[in-house]
Amino acid sequence: MKSGKSRKKWNSIRLFLYVLPFIVLVLVFSYYPLYGWIYAFYDYKPPKPFSQAQFVGLKWFRSLVENPIKVKQLLQVLENTFAMSGITIGTSWLPMIFAVYLNEIRNVPYRKFIQTVTTLPNFISWVLVYSIAFSMFSSTGMMNSFLMKIGAIDQPILFLQSSKHVWLTQWLWLTWKNLGWSAIMYIAALSGIDEELYEAARVDGANRRQLIRHITIPGLLPTYFVLLMLSIANFLNNGMEQYYVFQNAFNKQYIQVLDLYVYNTAMGSGSYSVSVAISMLKSIVSVILLGAANGISKAVRGESFI
């Protein structure tokens with residue numbers, strides 16, 4: 001009896017040691033940087049050391065609502081953020097549907113080929129994605145050259161410089177890059193659906209469309225709702241890499257999301273303290289959204305994800 005408890009204890013210690021490196025990584029890269037929030041309460045201007053910075057309290061937080069120019073900028077940035085996050089959440093079912101139809105392909109080599117081709121763009125950096133976009137849609141790119149060659153246009157169309165439909169085009173690039181990768185979660189969830197349900201439905205005369213509608217999709221909905229709630233919790237976190245490489249003087253007004261605005265404020269105008277204040281508020285709102293999404297999940301589904 002004693003040896004059994006001792007063995008169980010050592011197994012628990014061993015399992016803890018397995019996850020310890022990941023805990024350390026989270027502490028170093030996720031929690032330790034929170035010390036930088038202190039910059040939001042000081043008038044810090046590089047390159048002078050932080051020790052010489054003057055404590056200003058909530059000055060930078062008040063400036064976000066008292067300065068009309070900053071208020072106007074923030075409202076436009078929030079509109080861009082809400083629009084792009086809203087489009088992404090509104091179409092979050094696409095990877096699930098893609099996984100369902102990918103699973104319906106009976107030719108295994110062809111199915112693996114499609115899955116590989118659609119997953120590979122996830123591993124391409126946004127810099128290379130923009131290089132592809134530039135070679136295709138710049139004023140001298142493939143698309144303009146083709147249209148001018150067939151006589152469809154007389155002058156090049158400035159696809160990348162245009163401020164029209166920026167939200168839609170950025171969503172299309174994001175979907176092209178992430179669709180295959182996002183479908184992996186649903187492909188894994190498909191393997192957890194009991195095969196006997198399909199066999200019983202086939203015996204009752206169900207066709208493939210009915211199998212998808214009554215068995216496959218209901219089996220994937222729990223995974224979808226968990227991912228949807230996590231997306232809602234990250235509503236303000238669009239990332240900045242994509243929008244940073246695609247931004248220019250013509251579309252900046254509509255492409256600048258909150259993360260990019262924080263970066264531009266710090267690196268462009270040197271307002272480090274203001275950018276930290278905005279980032280701090282964004283993190284607090286994200287935590288609140290995470291709690292709200294978890295509460296909704298518990299109320300609607302009877303399960304929480306944290």
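## Aromatic pairs and the aromatic cluster

Rings of Phe, Tyr and Trp (for Trp, its six-membered ring) are taken to pair if their centres lie within 6.5 Å, and a pair counts as stacked when the planes are under 30 degrees apart, as edge-to-face when they are over 60 degrees apart, and as tilted for the rest. The structure discussed here is a predicted model, in which local features need pLDDT of at least 70 and side-chain atom pairs count only at pLDDT 80 or more, whereas totals for chains, interfaces and linings use all residues. Residues are numbered from 1 along each chain as its sequence is written, and side-chain values use heavy atoms, with hydrogens and water left out.

One aromatic cluster is formed by Tyr130, Phe134, Phe137, Phe159, Trp173, Trp176 and Phe246. A search of the whole structure finds 14 aromatic pairs. In the pair of Tyr44 and Tyr272, the ring centres are 6.2 Å apart and the planes stand at 65 degrees, so this pair is edge-to-face. Tyr44 belongs to the loop between strand S1 (42-43) and strand S2 (54-55), while Tyr272 belongs to helix H14 (residues 272-301), so the pair ties together parts that are 228 residues apart in sequence; helices (H or I, at least four residues) and strands (E, at least two) are DSSP runs, numbered from the N terminus. Tyr44 is buried, with a relative accessible area of 16%, and Tyr272 is partly exposed, at 29%, where buried means under 20% relative accessible area, exposed over 50%, and partly exposed in between (1.4 Å probe, protein chains only).

Lys177 lies over the face of Trp126, at 5.1 Å from the ring centre; a charge sits over a ring if NZ of Lys or CZ of Arg is within 6 Å of the ring centre and within 35 degrees of the ring normal.

Lys177 is also one of the contacts of Asn122, which, leaving aside neighbours within four places in sequence, touches Lys177, Asn178 and Trp181, with contact meaning heavy atoms within 4.5 Å. Asn122 itself is in the loop between H5 and helix H6 (126-137), and its C-alpha is 5.4 Å from that of Asn178, although the two residues are 56 residues apart in sequence.

In helix H4 (residues 94-103), the residues Pro95, Met96, Ala99, Val100 and Leu102 are buried. These residues cover an arc of only 165 degrees around the axis, which puts them on the same side of H4, the arc being that of the directions from the helix axis to the C-beta atoms. The buried residues of H4 pack against helix H5 (108-119), helix H8 (166-190) and helix H10 (208-233).

A nonpolar core is a set of buried Ala, Val, Leu, Ile, Met, Phe, Trp, Tyr and Cys residues joined through side-chain atoms within 4.5 Å. The largest such core has 17 residues, of which Tyr186, Ile215 and Leu220 touch the most other members. The elements giving two or more residues to this core are H4, H8, helix H9 (195-203) and H10, and the largest share, six residues, comes from H10. Apart from this core lies another, of 16 residues, including Phe61, Leu236, Leu258 and Ile278. Not counting residues up to four places away in sequence, Tyr186 touches Ser92, Pro95, Met96, Ala99, Leu220, Thr223, Tyr224 and Leu227.

Gln76, in helix H3 (residues 68-90), is buried, with a relative accessible area of 19%. The side chain of Gln76 reaches the backbone oxygen of Gln253 at 3.4 Å, a polar contact being a pair of N or O atoms within 3.5 Å, where within protein one must be able to donate a hydrogen and the other to accept it, and residues adjacent in sequence count only if both atoms are side-chain atoms. Leaving aside neighbours within four places in sequence, Gln76 is in contact with Gln253 and Tyr254.

Val257, found in the loop between helix H12 (252-255) and helix H13 (258-268), is buried, with a relative accessible area of 0%. Not counting residues up to four places away in sequence, Val257 touches Val77, Asn80, Thr81, Met84, Asn238, Gly239 and Tyr243.

His165 has a positive phi of about 60 degrees although it is not a glycine. This residue is placed in the loop between helix H7 (142-149) and H8, and at 60% relative accessibility His165 counts as exposed.

Phe55, in strand S2, is exposed as well, with a relative accessible area of 53%. Leaving aside neighbours within four places in sequence, Phe55 is in contact with Phe41 and Tyr42.
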